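This briefing concerns selected packing features of one protein chain. Please consult the sequence and coordinates shown below.

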Amino acid sequence: MNYKKITLKPKKEESLKRFHPWIFSGAVQKKDDNLSEGETVKVYTAGGDFIAIGHYQIGSIEVRVLSFEEEDIDAGFWQKRLASALELRKSIGLINPQNNSYRLVHGEGDLLPGLIIDIYAETAVVQSHSVGMHEDRMAICNALKAVMGDDIKNIYYKSETTLPYKADLGAENEYLYGGNDVKEIALENGLQFYPDWIKGQKTGFFVDQRDNRSLLEKYSKGRSVLNMFCYTGGFSFYAMRGGAKLVHSVDSSSKAIMLTNRNVEINFPDDKRHEAFAEDAFKFLAKMDKGAYDLVILDPPAFAKHRGAVKNALQGYKRLNIAAFEKMPPNSILFTFSCSQVISKEAFRLAVFSAAAITGRKVRILHQLSQPADHPINIYHPEGEYLKGLVLYVE
Ligand code: SAH
């Protein structure tokens, strides 16, 4: 195929030789005329050698690399990448009769920058974060059908709010395939839930906490659990299966509380151990009784969405953890998270350390948590590590 061309400034190919998948605008020397945003371009070194092929976009990251081989980005390419992503998930036993919800494609982690695909039972939810992935959505959808076969019956495209605003693409959330008689319930480690890709946040459920929820389940027996920022209640129904004495779920969104109640109900009908509250986290923590919960989860939304927000975000994590430490009884356990990509695990740990020191609590780290294997981190792209968590024993 004939692709337009971008040439780098001298020596700007170094990071590409180490397979980093982004080309910043500052590295570009010249580009062909009339490049349209989202089109696939070939990239050459100043010396004229081919170095990569990827999606062109206007902005600080000008090319997102799809391949370091000189190959066509055609139906065969998309099938190869998706098949390899599926093979990884299959080979680690993630897809099984107890678990049919998982992330099939995690952007750079699956060598597909700008693309997310989550699977919930028979439905794939495809989300583009780059113009190029949006432009190629039909090719991706066809490859997905070819690779997944009968295992998926629906493909929902959900990129209205994830594409660059300036590109003005008018993307609509819609089924690209199927959409009739959709199986509504999916399974995570044997627990049922309703993923709400149409109205819910992100693709409808946070599959990235699967392993961390399993760990929580192990610590829940006989404990009083507070699941703060519960969203669809994932941690809550694991805690219940783990034998918690009581589970309280809190989220500021009443829609989230409705989803939590519904998900708890299908797993544990009429179980009086669970109650959910639509309230602000800080208000709830301020007024709750000291010692009310001996297992607390804090999984707030990303406090920092970009580098400029890091300082305030760290203050936010510190404040939140202080509010929890102040109320936790002796010998209690805290699961505390940050999903801000721009907050490093060291910085997050320091914020939690400060909160412990300020409240004078004796705290030990039991586990340092991250994202699960279906959210792999490309070793050449450390920016892909976004979820950080600590499990703390509070004396
Ligand atoms: N723990 C969840 C994911 C949390 S997402 C899971 O396992 O699926 C973050 C949630 O925080 C969202 O549902 C959002 O509605 C909620 N939220 C945001 N600000 C809040 C606040 N100030 N108080 C309580 N909840 C808040």
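At what angle do helix 6 and helix 7 pack, and how far apart are their axes? The model under discussion is predicted. In this model, helix 6 (residues 234-241) packs against helix 7 (residues 254-267) at about 25 degrees, and their axes lie 9 Å apart.

**Helix 6 and helix 7**
- Because angles under 35 degrees count as roughly parallel, helix 6 is classed as roughly parallel to helix 7.
- The crossing of helix 6 past helix 7 is right-handed.
- Helix 6 contributes Ser-236, Phe-237 and Met-240 to the contact, while helix 7 contributes Asn-263, Val-264 and Asn-267.
- In terms of residue class, this contact of helix 6 with helix 7 comprises three nonpolar and three polar residues, with no charged residues.

- Six strands form an open sheet in the order 2-6-5-4-1-3, and their pairing is mixed.
- Strand 2 (22-24) and strand 3 (28-31) are the edge strands, each pairing on one side only.
- On average, neighbouring strands of this sheet are turned by 35 degrees against each other, direction ignored.
- Strand 4 (residues 40-44) and strand 5 (residues 50-56) run antiparallel and are joined by five bridges; Val-43 has Ala-52 of strand 5 as its bridge partner.
- Helix 2 (residues 75-91) packs on the sheet and touches strand 5 and strand 6 (61-67). The direction of helix 2 makes about 80 degrees with that of strand 6.

**Gln-209**
- Gln-209 is situated in the loop between strand 13 (191-193) and helix 5 (210-219).
- With a relative accessible area of 1%, Gln-209 is buried.
- Leaving aside residues up to four places away in sequence, Gln-209 touches Phe-235, Asp-299, Phe-337 and Leu-387.

Methods. Residues are numbered from 1 along each chain as its sequence is written. This is a predicted model: local features need pLDDT of at least 70, side-chain atom pairs count only at pLDDT 80 or more; totals for chains, interfaces and linings use all residues. Side-chain values use heavy atoms; hydrogens and water are left out. Axes are lines fitted to C-alpha atoms, for helices over the stretch in contact, and angles run from 0 to 180 degrees between N-to-C directions. Helices (H or I, at least four residues) and strands (E, at least two) are DSSP runs, numbered from the N terminus. Angles under 35 degrees count as roughly parallel, over 145 as roughly antiparallel, 65 to 115 as roughly perpendicular and the rest as oblique. A crossing is left-handed if the near helix is turned anticlockwise from the far one by less than a right angle, and right-handed if clockwise. Contact means heavy atoms within 4.5 Å. Ala, Val, Leu, Ile, Met, Phe, Trp, Tyr, Cys and Pro count as nonpolar, Asp, Glu, Lys and Arg as charged, and the others, Gly among them, as polar. Buried means under 20% relative accessible area, exposed over 50%, partly exposed in between (1.4 Å probe, protein chains only). Two strands pair if DSSP finds at least two bridges between them.
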